[in-house]
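Dear colleague,

Please find below the structure that I am handing over to you.

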Amino acid sequence: MKISEHVRTTITQDGAVLMNIKGGHMVTLNPIGSIIWQQLSDGRSPEQIAEHLALEFGISREQALADVNEFVEQLQAQHLIEPSERQDFRLSLGPKPTGLFCNLFGRRSSHAVPDRGSK
């Protein structure tokens, strides 16, 4: 898989902010989502990322893989990553994630808030 050419990333100690400049929307990632994003950017596979997370956070490899795959699907749905021709990670999807990784990121709209005017 590869990061879409239309995505700009800012990494902070609190996670990351992804901006799809073509689609005009932003996505915020928590620190764990940021770890996954950085490893995806480095070309690691979901299986490699899951192995790293399982060791780092003391969870099962199966749970980590299910969570990483769910996260990757959400990134794809928002057009932030694109699958490469040689990979299809849907084959290794596990159950719906729960626990440590179940809330990896939240959405922020780039639409302007209407001005309420002054009184």
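**Overall architecture**

The protein contains three helices and six strands. Please bear in mind throughout that this is a predicted model. Read from the N terminus, the elements follow the order β-β-β-β-α-α-α-β-β. Of the 119 residues in the protein, 36% are buried. Among the contacts with a separation of 6 or more, 55% are accounted for by residues 24 or more positions apart.

Strand β2 covers residues 7–12 and strand β3 covers residues 15–20; the two pair in the antiparallel sense over six bridges.

M19 stands opposite M26 in β4. The hairpin of β3 and β4 has four residues between the strands, and in it G24 adopts a positive phi near 75°.

Helix α1 runs over residues 31–41, and its buried residues are I32, G33, S34, I36, W37, Q39 and L40. At the start of the helix, the backbone nitrogen of I32 has a side-chain oxygen of N30 within 3.0 Å. Just after the helix, G43 shows a positive phi of about 90°.

How do the axes of α1 and α3 cross, and how close do they come? They come within 11 Å and cross at roughly 75°. Angles of 65 to 115 degrees count as roughly perpendicular, and α1 and α3 are therefore roughly perpendicular to each other. The residues that meet are G33, I36, W37 and L40 on the side of α1, and V68, F71, V72 and L75 on the side of α3. The four α1 residues named here, G33, I36, W37 and L40, also belong to the buried set of that helix.

**Salt bridges**

Side chains of opposite charge can pair when their charged atoms come close. In this model the count comes to three salt bridges.

One of them is formed by K2 and E82, whose closest N and O atoms are 3.7 Å apart. This pair links distant parts of the chain, since K2 lies in strand β1 (residues 2–3) and E82 in strand β5 (residues 81–82), 80 residues apart. K2 is partly exposed, at a relative accessible area of 48%, and E82 is likewise partly exposed, at 29%.

Another joins R61 and E51, with 3.2 Å between the closest N and O atoms. R61 belongs to helix α3 (residues 61–77) and E51 to helix α2 (residues 46–57), so the pair ties together parts that are ten residues apart in sequence. The relative accessible area of R61 is 33%, which makes this residue partly exposed; E51 is also partly exposed, with a value of 35%.

The remaining salt bridge is between the side chains of R44 and D42, at 3.2 Å from N to O. Are these residues exposed or partly exposed? R44 is partly exposed, with a relative accessible area of 36%, whereas D42 is exposed, at 56%. The cut-off that separates the two is 50%, as exposed means over 50%.

**The loop between α3 and β5**

H79 is located in the loop between α3 and β5. The phi of H79 is positive, at about 60°, although this residue is not a glycine. H79 counts as exposed, with a relative accessibility of 56%.

With kind regards

Note on methods: Residues numbered from 1 in each chain as written. Predicted model: local features only at pLDDT ≥ 70, side-chain atom pairs only at ≥ 80, totals over all residues. Heavy atoms only, no water. Buried < 20%, exposed > 50% of the residue type's maximum accessible area, 1.4 Å probe, protein only. Polar contact = N/O pair within 3.5 Å; in protein donor to acceptor, adjacent residues only side chain to side chain. Pairing = 2+ DSSP bridges. Salt bridge = Lys/Arg side-chain N within 4 Å of Asp/Glu carboxyl O. Axes fitted to C-alpha atoms, helices over the stretch in contact; angles between N-to-C directions. Parallel < 35°, antiparallel > 145°, perpendicular 65-115°, else oblique. Contact = heavy atoms within 4.5 Å.
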